[in-house]
Amino acid sequence: MSKITVLCGIGLGGIHHRTEWYMKKQTASVETKERLQQCALQEFMEKGYLKASLRSICKQAGVTTGALYFFFEDKDALFVSLVSGLLQEIQVIMKEHFLQEQNGNVISGKEDLLAEMSGEGMVEDEEASLQIIHVLYAEREAALLLLTKSQGSSVESAVDALVQVATEHYRQLADRTTKALGMEPLQDAFVHWISHMQIDTFIYMVTHIEKEEEAKIYIRQATQYMVNGWYGLFLREDK
């Protein structure tokens, strides 16, 4: 066996050892981060963002504050890490659904409105609602954290941001429909209220209904009410 072969063998063995050490360190780091997040979730749920203590979180996780700051810049970053995934998923579903509605059937008369109330419009709204339900109940703890314990954090206005997105969307839909039907535009305050009501429908659901299957029944009834109410606005005789 040549010297080169021996040296290469030693080199590869050293590389393997270092790789194994690095992988174990990475696994330990992931486990530490997840433990910090789990303890943070409990602390935030119990005390809220403002009263939660990083020292308490570290103590429960069995790590130093230095370890926490290795993963998270501050308390806000730790809180956001628990809810950001949920928020992003909700935003994607809303964006896709609103885009679908914007590119959907053009309302030009009473027949179109009636068709949307009983057909494609109802189905699309229900499908989007069921997607949101699945996300909310798959991550219900994060949803409750965001909705009830986020005061003082950078995401405390997340619900208002979702309402604003919905308001802009329904403003466009309303203007397009009233123009096509020769009606007066809907009042801004009214469109904002409708948008707020839609978001509040999901907030009430996730904070009061514990099981996803029961939430599905609730949202089907709520969707029918909101869709019929929305299109019913444009069926008025007093245009």
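The chain in this predicted model exposes about 14500 Å², with carbon and sulfur atoms supplying 55% of that area. Buried residues account for 39% of its 239 residues.

As for the fold, there are ten helices and zero strands. Look at the contacts with a separation of 6 or more, and 78% of them join residues 24 or more positions apart.

Now for the inside. The largest nonpolar core has 38 residues, and the ones touching the most other members are Ile90, Leu136, Tyr137, Met205, Trp230 and Phe234. Helix 4 (75-102), helix 6 (120-138), helix 7 (140-148), helix 8 (158-181), helix 9 (188-208) and helix 10 (212-232) each give two or more residues to this core.

On to the rings: the structure holds ten aromatic pairs. One of them is phenylalanine 190 with tryptophan 193; the ring centres are 5.7 Å apart and the planes sit at 35°, so this pair counts as tilted. Both residues belong to helix 9, three residues apart, which is about one turn of the helix. Here's how exposed the two partners are:

| Residue | Relative accessible area | Class |
|---|---|---|
| Phenylalanine 190 | 27% | partly exposed |
| Tryptophan 193 | 47% | partly exposed |

Elsewhere, ring pairs tie Phe98, Tyr170, Trp230 and Phe234 into a cluster. Trp230 and Phe234 also turned up above, among the core residues that touch the most other members.

Finally, a charge on a ring: lysine 75 has its charged end over the ring of tyrosine 49, 4.8 Å from the ring's centre.

Key:
Residues numbered from 1 in each chain as written. Predicted model: local features only at pLDDT ≥ 70, side-chain atom pairs only at ≥ 80, totals over all residues. Heavy atoms only, no water. Helix = DSSP H or I, 4+ residues; strand = E, 2+ residues; numbered from the N terminus. Buried < 20%, exposed > 50% of the residue type's maximum accessible area, 1.4 Å probe, protein only. Contact = heavy atoms within 4.5 Å. Areas by Shrake-Rupley, 256 points an atom, 1.4 Å probe, with all protein chains shown as cover. Core = buried A, V, L, I, M, F, W, Y, C linked by side-chain atoms within 4.5 Å. Phe/Tyr/Trp six-rings, centres within 6.5 Å; stacked < 30°, edge-to-face > 60°. Lys NZ or Arg CZ within 6 Å of the ring centre and 35° of its normal.
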